[in-house]
Amino acid sequence: SAPLFSRFQDAQGIFYQEIDGKDMMVLYSKSAYNHWTYTAILPTSVILMDTRAIQRLAIGIVLLTLVLGVCISCVLAYWNTRPIKKVASVVREYVNGGGTVVPDNVNELDYIEGSIHHIIQDSRTLEDDLKKNILVLQNVFMDKLLRNGFQSEAEMQRLLLDAELDIKGELFEVMIVRGRPVGASASRPPEPNGLQLAVKEVLLEGGNGSYVADLGSFQFAVLFLFPTGEELANKLKITRAMDEIKKRLNGGYHMAVSFGIGRPSRELRGVHRSFAEGLRAMALCDELGDGEQAVWYESLKNTVSGYYYPLDIELRLINACKSGNRKEVQNAMQKIHGQNFGRRELPDRVKKLLFYNMQCTLMKLTRELHMAREMPAVPDETDWMQDSESAFAEIEKQFLSICRLVDGSKKSHNVRLRDDIVAFLVAHYADPNLGVEMISSHFRLSTSYFSQFFKEQIGETFSSYVENLRIR
């Protein structure tokens with residue numbers, strides 16, 4: 001203990017000392033009561049035994065926690081990245097479908113980020129292109145608006161927004177403008193785009209709320225927007241615009257200008273009616289001559305450039321003739337006559353087209369029914385124009401002749417069929433299987449038609465007739 005005693009300097013302490021070749025921990029404490037020094041000498045390995053157990057336990061807990069944390073992190077990462085992988089898969093399929101092959105080892109986040117970047121760039125490029133081609137969209141909108149190409153109000157509003165047009169007003173009226181090159185312009189006509197720009201400039205200078213659409217062949221449609229329903233003031237604005245357009249095109253382009261003005265519409269989607277009326281008014285300008293003309297549709301009264309002979313009326317005539325329905329033929333001809341000669345004043349050229357069309361219907365009928373040899377000759381076109389009423393009456397006579405021939409053929413066929421049925425009944429009345437189904441099948445008729453036909457032709461029902469025949 002002598003070497004140790006020299007190190008007991010303080011009232012108490014702890015130090016390490018090698019004793020007999022072993023590491024020892026020496027603890028000492030001096031008593032203030034009896035001035036003794038109490039000393040404990042313990043091997044260091046014994047002291048650290050519990051500490052190492054706690055250390056190993058702590059390391060084990062840390063390692064176990066780390067492994068569990070990694071596993072849980074992997075599971076959570078997998079579940080959280082599933083949407084990203086799904087989005088990446090959709091984008092990959094889209095890109096691969098477009099012809100670009102994307103490697104499978106590309107990081108999904110980087111890939112999606114790059115794709116979004118490209119989408120944004122493409123969107124901006126598309127937006128720039130749309131801005132550059134806004135005039136094309138406006139022309140598409142005007143063309144669909146004038147030709148009634150919108151299926152719904154929502155579709156019209158959507159394209160109106162895309163075309164960046166602000167078309168607002170209480171009344172909408174369409175004016176057709178057509179230029180005809182004269183003089184030096186006839187040999188070298190100007191570009192239609194130049195004419196359209198000139199018309200737009202005139203309308204802008206005049207302060208008119210309007211839009212211009214190119215119809216081709218030096219023809220344009222001008223849509224006027226009026227805030228109020230003052231008819232006289234609106235007509236005055238259109239008249240001034242016509243005068244300015246005429247001056248500009250006559251002076252700068254050497255064009256003879258004609259105008260066809262339709263009636264105003266209170267709805268934007270109803271503009272197509274005003275457009276159609278403007279075209280009809282323009283068609284009348286052609287009939288009035290080659291000079292400059294301005295025709296308002298409302299001033300046409302009953303004078304129109306087209307005849308009335310729609311497809312449904314033609315089919316109605318054809319079916320009535322094929323069925324031999326004389327009354328239906330007369331009704332259809334009366335409607336055609338009333339529409340073309342009562343409510344309209346057709347020019348001779350248009351009457352001739354109407355008669356040609358009706359003659360074509362006659363030719364189709366006679367060929368289908370194999371009656372060409374039985375029909376009387378149709379009058380020459382030189383005779384048609386002398387008296388339109390007589391020509392129409394002659395054509396009506398032709399239709400009624402076909403109807404009469406069909407009716408006669410139908411009646412003779414019915415007589416033959418009736419006689420054949422009676423003869424069959426007389427020959428087979430003793431057959432126990434004789435009935436409506438048997439005879440209908442033999443003569444290739446439906447049972448309902450056979451029953452009705454038999455009652456009409458014989459005057460009594462089938463069962464009653466067979467019963468009386470068997471009794472006789």
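I started with the sheet: three strands, open, in the order S1-S2-S3 with antiparallel pairing. Strands here are DSSP runs of E with at least two residues, helices are runs of H or I with at least four, and both are numbered from the N terminus; pairing takes at least two DSSP bridges between two strands. S1 (12-19) and S3 (37-43) are the edge strands, each with a single partner, so one side of each has no neighbour in the sheet. I get an average twist of 25 degrees from one strand to the next. S2 (residues 22-30) pairs with S3 over seven bridges, antiparallel. I found serine 29 opposite tyrosine 38 in S3.

A note on the source: this is a predicted model, where local features need pLDDT of at least 70 and side-chain atom pairs count only at pLDDT 80 or more, while totals for chains, interfaces and linings use all residues. Numbering runs from 1 along each chain as its sequence is written, and side-chain values use heavy atoms, leaving out hydrogens and water.

Next I checked H10 (residues 311-323) against H12 (residues 348-368): they pack at about 35 degrees, axes 11 Å apart. Axes are lines fitted to C-alpha atoms, for helices over the stretch in contact, with angles from 0 to 180 degrees between N-to-C directions. On the H10 side I list Glu314, Ile318, Cys321 and Lys322, and on the H12 side Thr361, Lys364, Leu365 and Glu368 (contact: heavy atoms within 4.5 Å).
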